[in-house]
Amino acid sequence: MLVLAICAVIFLVVAGLLVYAIVRFRHRPGDEASEPPQVYGSNQIETAWTVFPILIVFVLILVTSRGIADIQDRKPTAGAVHSTVVGHQWWWEIRYPELGIVTANELHVPASTPNSYQPTYLKLQSADVAHSFWVPQLNGKTDLIPNRVNQMWIAPIRPGTYLGNCAEYCGMQHARMLLRVVVHSPAEFQQWVKDQQQVAVEDPSAAGGRKIFFANSCVSCHAIRGTSAQGVFGPDLTHLMSRQTLASGTAPLSRETLRAWVRDPQQLKVGCLMPNMQISEKEVDQVVAYLETLK
Ligand code: CUA
């Protein structure tokens with residue numbers, strides 16, 4: 001308001017003098033075709049129009065700096081959701097440290113309602129190269145840069161699924177580094193949190209596939225909470241089947257796409273860091289049956 005007031009006064013003075021000059025010195029019939037008296041080199045006028053603007057700009061700098069500092073020091077809203085998003089080649093690791101949840105490629109957040117403001121604060125990091133977090137309907141782009149933590153917050157009001165993507169070229173499968181933000185009503189979000197906090201179920205019917213999964217190097221990259229699989233290099237699979245897509249939006253998640261993926265990830269997403277595990281067709285079916293129990 002102070003900046004607006006200063007600018008309003010300047011505008012009124014400038015516009016007032018302009019109107020005065022237009023009216024007072026307008027061309028009148030009978031004016032001679034000669035120039036009015038010319039003034040050169042007035043120290044007073046020149047000093048005045050140098051010093052006053054400098055003082056005004058200085059005041060504006062002070063006011064603006066204070067405003068910026070206020071915004072940067074603002075504490076996150078109490079009770080807000082905090083999430084850490086880590087960019088990987090080529091998928092998104094999504095953590096909720098306070099809730100004990102780790103997932104991938106789908107950020108779930110509560111919607112704000114007229115009675116309750118529910119922002120989600122994001123810490124943006126990278127595990128390898130520069131990526132960029134971009135969900136156009138929710139906020140601008142913010143880069144995820146190695147050895148640096150960037151921040152952003154979102155507070156969507158309409159429940160639904162919002163599509164996003166990596167917006168910084170990060171290698172071969174940059175185009176298949178898609179992202180979804182699922183906005184829930186507050187009650188639905190609480191339910192999602194509760195479901196995700198559970199450890200993985202152990203379904204005896206999938207024991208065969210489970211054995212193959214744990215006998216191969218799957219476990220050195222993937223974590224499944226409640227089991228000995230503690231890998232952090234690839235996506236957490238504890239609740240794999242709760243997600244909408246496979247391989248960061250490469251394909252919708254279904255038995256068929258999961259089978260294609262386990263058989264040979266390189267067919268679906270060339271260059272991705274998961275190798276072909278070279279297991280037999282029967283073993284592929286068993287592993288897929290096991291993965292399907294991870295709801
Ligand atoms: Cu990650 Cu482009």
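How many bridges join strand β5 to β8, and do the two strands run parallel or antiparallel? In this predicted model, five bridges connect β5, which covers residues 120-126, with β8, and the two strands run antiparallel.

## The open sheet

The pairing of β5 with β8 belongs to an open sheet of five strands, whose order is β3-β2-β1-β5-β8 and whose pairing is mixed. The edges are held by β3 (101-104) and β8 (150-154); each has a single partner strand, so one side of each lacks a neighbour in the sheet. On average, neighbouring strands of this sheet are turned by 25 degrees against each other, with direction ignored.

## A helix on the sheet

Helix α3, formed by residues 186-197, packs on the sheet. The strands touched by helix α3 are β1 (81-88), β2 (91-96) and β3. Between the direction of helix α3 and that of β3 the angle is about 95 degrees.

S132 is located in strand β6, which spans residues 131-134. Is this residue buried or exposed? The relative accessibility of S132 is 1%; because the cut-off for a buried residue is under 20%, S132 counts as buried.

Apart from neighbours within four places in sequence, S132 is in contact with W92, K141, T142, D143, L144, N165, C166, A167 and E168.

Technical notes:
Residues are numbered from 1 along each chain as its sequence is written. This is a predicted model: local features need pLDDT of at least 70, side-chain atom pairs count only at pLDDT 80 or more; totals for chains, interfaces and linings use all residues. Side-chain values use heavy atoms; hydrogens and water are left out. Two strands pair if DSSP finds at least two bridges between them. Helices (H or I, at least four residues) and strands (E, at least two) are DSSP runs, numbered from the N terminus. Axes are lines fitted to C-alpha atoms, for helices over the stretch in contact, and angles run from 0 to 180 degrees between N-to-C directions. Contact means heavy atoms within 4.5 Å. Buried means under 20% relative accessible area, exposed over 50%, partly exposed in between (1.4 Å probe, protein chains only).
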